[in-house]
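Hi,

Here is the model I promised to pass on.

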Amino acid sequence: MSTSIHSSAICESKNIGSNTKVGAFARILSNAVIGEDCAIGDGVFIENDVVIGDRVTLNLGVKILDGVVLENDTTIGPNVTFANDLRPAGKSHSKELKQTTVCSGATVHANATVLSGLVIGKFAVVGAAAVVTQSVPPYAIVVGNPAVITGYVNSHLPVMDVESKPPLDKERIISTRVRGVTLHQFNHVTDLRGSLSVGEFEKEIPFFPKRYFLVFDVPNEKTRGQHAHKKCHQFLICVKGQCSVVADDGSSRQEFVLDSPSKGIYLPPMIWGTQYKYSSDSILLVFASDYYEAEDYVRDYDEFKDLLGGA
């Protein structure tokens, strides 16, 4: 099918794919590149240095300024603006622009603003009226001004009903829908002297650690982790306060709340782990099966998926 351009639209670009529809009063400048099967809504403005993939939807009043790349199957809600002014107030003008990329499958909802030079990860969701000032990880859901991560796509919170599980050597272990990831409830003893929680390595915790580290004083809006390990096993316990952990095996994703020193989560190698929603008093204790090795970290989600495919 041929391209359909409304009679009131101003379309100067010749680089528009087949079956793309351009709505009323839209304007597309001459050097913009737009793929096939796109829907360009009424009043959309697209500058020159813009690349738009296939099956992209731009709703009413969207402004796409120079330096923006929208990959395949992205959806941009009404009146979204992509900024491109990198010049601080009072500084000299500069023509240099950083590329802003909205990766495949991502959605940016109505009235959001995305600052320049950022990456909106694959299948991420930007909430309505959010102001995005930092790059957004794949599958993350961000809202607010400035935007912060409030969840992850398809990461349903499980119910940890430890009382319904039979005890196994004084601990209760619950399987999850993420490959190899298990939730652990440790023996918790309380008397007049206080409380005690205890776990045994290689019996209740499925490895013997060579390293530990503590994470604390984390602002609530900050996100940590966002990587996988090639060989290293990890076990996480929030010994004070609470935080949330998202585990991702490349196919399934699940979110867990650590809110007790008698609760822990085991993350085997090649599980993408993210920690966020830290309470102001949280202290996260992490046991690791190996000494620190920078080469063991996988910090790019696409590389993580590629390694899983190779495995």
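Let me start with a charge: the charged end of Arg253 sits over the ring of Tyr139, at 3.6 Å from the ring centre. For a charge to sit over a ring, NZ of Lys or CZ of Arg must be within 6 Å of the ring centre and within 35 degrees of the ring normal. Tyr139 also belongs to a cluster linked by ring pairs, together with Phe123, Trp272, Tyr301 and Phe304.

A word on the source: this is a predicted model, where local features need pLDDT of at least 70 and side-chain atom pairs count only at pLDDT 80 or more, while totals for chains, interfaces and linings use all residues. Residues are numbered from 1 along each chain as its sequence is written, and side-chain values use heavy atoms, with hydrogens and water left out.

Rings of Phe, Tyr and Trp (its six-membered ring) pair if their centres lie within 6.5 Å; planes under 30 degrees apart are stacked, over 60 edge-to-face and the rest tilted. That rule gives 11 aromatic pairs. In one of them, the centres of Tyr152 and Tyr276 are 5.5 Å apart with planes at 85 degrees, so this pair is edge-to-face. Both Tyr152 and Tyr276 are buried (under 20% relative accessible area; exposed is over 50%, partly exposed in between, with a 1.4 Å probe and protein chains only).

Trp272 and Phe304 make a tilted pair, 5.5 Å centre to centre with 50 degrees between the planes. Trp272 is buried at 9% relative accessible area, and Phe304 is buried at 0%.

Best wishes
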